[in-house]
Amino acid sequence: MWNQQFECLPRRELEALQLQRLKKTVELVSRQVPFYQERLTEAGVSAESLESLKDVERLPFTAKSNLRDYYPFGFCAVDVSDIRRIHASSGTRGKPTIAAYTKGDLATWSDISARCLATAGARPGDVLHNSYGYGLFTGGLGIHQGAETLGATVIPASGGRTQQQVMLLKDFRARILCCTPSYALNLALCLDDMKLSPGDLKLEIGIFGAEPWSQECRRQLEERLNIQALDIYGLSEVMGPGVAVECLTTKSGLHIWEDHFLPEIIHPETLAPLPDGEEGELVLTTLTKEGLPLLRYRTGDICSLIAEPCACGRTARRMSRVRGRLDDMLIIRGVNVYPSEIETVLFSAAALAPQYQIVIHRERALDVLTVRAEFAQSTAQTWHRHGSDEHDERRKLTDTITTRLKNQLGLTALVELLPSGTIALSEGKAVRVLDLRLQQDS
Ligand code: DLL
């Protein structure tokens, strides 16, 4: 383990540490951040009045919109001259939200990121190929500094130039691959195109995150790259990659580093706290951040907390894998659909390539769901080899997928099967949903 003392702290000691750090954080923000000053005064809460961890429920929530209202530096708890680095979310829906780190925050982040990599099975001396994007996105640099702290050799590949990346993976004999799961699929498909097999690489472990991915996607990646695929979670507002990670021992639920982050699950509408095991929105309070500490940040991510001890011996509670973001949930003809449910169906069909797009539009006031998928190159070859009529085979496959989607989602989708290589591949976070209703409405 990277830091056995903290990773295995007995729960009582861990909770005492959390309370102590929570008080310190509340004290800091009530002095330095006008937004919190106001809300804490309104709620009549001070650091001294927090008697147990349960009192976190008396603290105000923070929403993404609050961060935007105070853009760029209104949430900083230190003077901007003490900020050493700034990252930001992509800001596709308006102003980005920023992440601001002091020197101390960067040291903490490196340490937590190293802890994550070690928990997922990386070791000092490993060659680690990092295809998370470098830049304002926290993925590239967040993993990079963790890998250096761990003592690995980092290949800072970033996204794109996929053929060259495959060549580097082969030549530098990386044992660890870090990237989004959709980019890992892109790399796997490129490996096929280059007539290479996983045996030509020395990869053993993939540490994938930054977007939701299904168990079926995990199975595909493990098979196609002959690796163990582990899930890593994080978000820029709270720190970046490294908030939680699966352990190689059980690969079942992501350990949240509770000495640094206090997790809660709430009902996304009533905001009422939900018990461990119940699915809802993940809310995180930072316990050690200096530059931009956050109280009860609503992540928008849907998951549950797992309190049962893990076989690896770490005492931090785990979160279930993220089903999706609240704002990614599609309501189609009144039915709630997460894109990951569609992915599960498509990725479990061996005849399809792991590539898809979801399009929703409205026709005479009715929502129409179209699922575009690709049939695998090998599928087309089999059809030709057997002299089958491609048109017929495609129709049969389309019917099968339509039925499976209907069973999974409870609604009928129009399925379009395309030749492999038609849908653009991801280089970072995949954009798989095209909701044309938004344009139609405006
Ligand atoms: O995606 C940080 C990160 C980088 C995490 C590299 C893991 C690896 P943001 O760009 O701010 O930060 O996006 C954060 O991405 O709220 C989730 O909705 C989603 N997300 C992150 N990790 C996972 C995951 C980075 N493992 C947002 N599973 C979060 C599902 C994830 N969704």
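Let's start with Thr-379, which is buried at a relative accessible area of 9% (buried is under 20%, exposed over 50%, partly exposed in between, with a 1.4 Å probe and protein chains only). This is a predicted model, where local features need pLDDT of at least 70, side-chain atom pairs count only at pLDDT 80 or more, and totals for chains, interfaces and linings use all residues. Residues are numbered from 1 along each chain as its sequence is written, and side-chain values use heavy atoms, with hydrogens and water left out.

Thr-379 sits in helix 11 (residues 377-385); helices here are DSSP runs of H or I with at least four residues, strands are E runs of at least two, and both are numbered from the N terminus. The Thr-379 side chain gets to 2.6 Å from the backbone oxygen of Ala-351. That is a polar contact: a pair of N or O atoms within 3.5 Å, and within protein one must be able to donate a hydrogen and the other to accept it, while residues adjacent in sequence count only if both atoms are side-chain atoms.

Now for the ligand. It has 20 residues around it, and the closest are Asp-231, Ile-232, Ser-236, Asp-301 and Lys-429 (a residue counts if one of its heavy atoms lies within 4 Å).

| Residue | Distance from side-chain polar atom (N or O) to a ligand oxygen |
|---|---|
| Ser-236 | 2.5 Å |
| Asp-301 | 2.6 Å |

On its own the ligand exposes 610 Å², and the protein buries 94% of that (areas by Shrake-Rupley with a 1.4 Å probe). Helix 6 (138-150) and strand 7 (228-235) are the elements giving two or more residues to the shell, and strand 7 gives the most, with five. By type, the shell splits into nine nonpolar, five polar and six charged residues. Here Ala, Val, Leu, Ile, Met, Phe, Trp, Tyr, Cys and Pro count as nonpolar, Asp, Glu, Lys and Arg as charged, and the others, Gly among them, as polar.

On to helix 3 (residues 34-43), whose buried residues are Phe-35, Tyr-36 and Leu-40. Looking down the axis, these fall within an arc of 110°, so they line one face of the helix; the arc is taken from the directions from the helix axis to the C-beta atoms. Their cover includes helix 2 (11-32) and helix 4 (64-69), with contact meaning heavy atoms within 4.5 Å. The face turned away from the buried side carries exposed Thr-41 and Glu-42. Just after helix 3, Gly-44 takes a positive phi of about 65°.
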